Structure formats: C-alpha cells, structure tokens
Amino acid sequence: MTLPVLLFASYADAFGARTVAVPVTMPCTVADVVLAMRSIPGGEKLPARPLVAVNHAYAKPDARVSAGDEVALIPPVAGG
Amino acid sequence: MTGQPATLPLVAITHEPIDVAALIAAVSHARVGAISTFLGTVREVNDHRPVTGIDYEGYEPMAVREMQGIADELVEEWPGLRIAMIHRLGTLQVGDVSVAIACAHARRAPSADAMRRAIESLKARVPIWKREHYVDGEWTWVDPTNSAAPMASQS
C-alpha cells in the first residue's frame with residue numbers, strides 16, 4: 001500500500017510536494033518509511049537521519065507505523 | 001484570548017499580529033509577584049545578510065501539542081507557574097513579533113527561569129520553520145543545525 005507522508009519547508013521543496021505517497025508494506029517502522037522515501041525523486045536530499053513524527057509526536061526509527069497513522073517528516077526546526 | 005478568563009497554560013498558533021497585552025493579562029493573578037515576558041522579533045540582519053522579511057510555516061497540530069508539552073513540563077517543575085505562549089505564522093516584516101511568552105509566578109526567579117526555558121525548548125522542539133528573504137531577492141530556509149551554510153537556497 002502507499003502511506004501519505006506530510007512534508008514541510010525545505011523537505012516540501014525537495015520533493016516538490018506537500019504530501020508524498022510512499023510505498024510500504026504494513027505494518028512497518030519509521031525507518032522503513034524513510035528508507036522508502038529515499039527512492040522517490042527528492043529523497044536523495046534528505047539528511048542521514050531525518051526527524052519523523054507519527055500522530056503529532058516525534059517517533060524513533062524503530063517505532064511502528066500503522067495504516068491510518070499521520071506521518072510527517074520534520075526538517076530542522078527554526079521557530080522563535 | 002480576550003473578553004473571557006483564559007484557560008492556562010495558554011498555548012496557541014496564530015496568523016494574526018500577537019496581542020502581547022492580552023497574553024500578559026492571561027497570566028496575571030493576585031497571587032503573582034513576577035511576570036517575565038519574552039518577545040521574539042524579526043531582525044533586519046542574519047548571518048551578515050540584510051533581511052527584508054520572514055515566512056513562518058508550521059505543522060500546526062503538532063506545534064500546539066509540543067508547546068502544550070513544554071508548558072506542562074514547566075508547570076511540573078515550578079508549581080504555581082502561570083504560562084502563556086503564542087507563535088505567529090505567515091509573512092512577517094522586520095520588527096514584527098513572531099513569538100511571545102509570558103511566565104508568571106509568585107517569585108521572580110521561577111518566573112524568569114521558566115521564561116528562558118520556554119523559549120529555548122520552543123526553538124529546539126516545536127515544528128515551525130522560517131524562510132528568510134534577503135534584499136538581493138534570494139531566500140533560505142533557516143537551519144539552526146547548520147547556520148554557517150543553510151541547507152536550501154534558491155534565488
């Protein structure tokens with residue numbers, strides 16, 4: 001299946017989109033999602049270990065991702 | 001935020017100019033003896049480049065959740081702390097207030113310490129990004145992890 005992943009700021013520019021459909025086999029982990037994104041055009045611009053959020057909370061690489069989860073890649077934050 | 005008692009901690013994302021007086025009013029209370037405020041404003045120069053404005057973008061539901069988490073941690077560390085924090089998104093000009101924090105406590109040390117911790121935590125954790133525009137027409141997404149050489153730049 002494909003998992004929609006939200007993109008922001010520099011990552012949205014890299015992929016040329018605010019959301020990308022990432023091909024993954026469920027269930028999977030955060031690391032699996034990032035790995036799958038590297039083969040999508042723009043994915044080569046991702047850093048070695050991009051931050052990922054699942055359902056509005058930072059998630060570690062081994063965290064489980066299930067269908068229906070809201071997954072987002074988080075560029076280096078720069079608020080303030 | 002106006003016209004009715006605020007529920008604390010007050011955390012919010014706004015696309016409008018920040019009402020600093022309302023933020024201070026939200027944390028004011030008869031038991032409070034000190035209110036520390038922090039205002040982040042758009043600076044005219046960054047890394048030696050003249051800045052004309054900044055676009056702020058945020059992952060709003062997560063930003064609110066992270067700000068709430070920061071506020072809860074501070075209240076746990078300093079019981080009785082009354083905190084309000086609000087971040088503005090959208091296009092801001094030099095001098096505009098991008099973030100405002102008010103921390104009220106019976107004593108000045110917890111008030112000031114919590115205010116400092118709040119802004120440092122916000123800058124480290126809250127998913128908000130800024131794209132700086134320069135007088136030469138170029139722009140860059142600011143990357144605090146690599147301030148000497150921003151990761152994305154386009155004219």
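**View 1. Burial in chain A of the predicted model.** Of the 80 residues in chain A, 35% come out as buried, where buried takes 20 or more other C-beta atoms within 10 Å of a residue's own, with C-beta atoms placed from the backbone. This is a predicted model, so local features need pLDDT of at least 70 and side-chain atom pairs count only at pLDDT 80 or more, while totals for chains, interfaces and linings use all residues. Residues are numbered from 1 along each chain as its sequence is written, and chains are lettered from A and ligands numbered from 1 in the order in which they are written.

**View 2. The fold of chain A.** Here you get two helices and seven strands, in the order β-α-β-β-α-β-β-β-β along the sequence. Helices (H or I, at least four residues) and strands (E, at least two) are DSSP runs, numbered from the N terminus. Chain A has a radius of gyration of 12 Å, close to the 12 Å from the globule rule for 80 residues, so it is as compact as a globular protein of that length. That radius is taken over C-alpha atoms, and the rule is 2.2 Å times the number of residues to the power 0.38. Along the principal axes, the C-alpha atoms of chain A fill a box of roughly 35 × 25 × 20 Å.

**View 3. Where chain A meets chain B.** The contact draws 14 residues from chain A and 25 residues from chain B; two residues are in contact if their C-beta atoms, placed from the backbone, lie within 7 Å. On the chain A side, α1 (9-15) and β7 (71-74) each supply at least two residues, and α1(A) gives the largest share, three residues.

Note on methods
A residue is buried if 20 or more other C-beta atoms lie within 10 Å of its own, exposed if 12 or fewer, and partly exposed in between; C-beta atoms are placed from the backbone.
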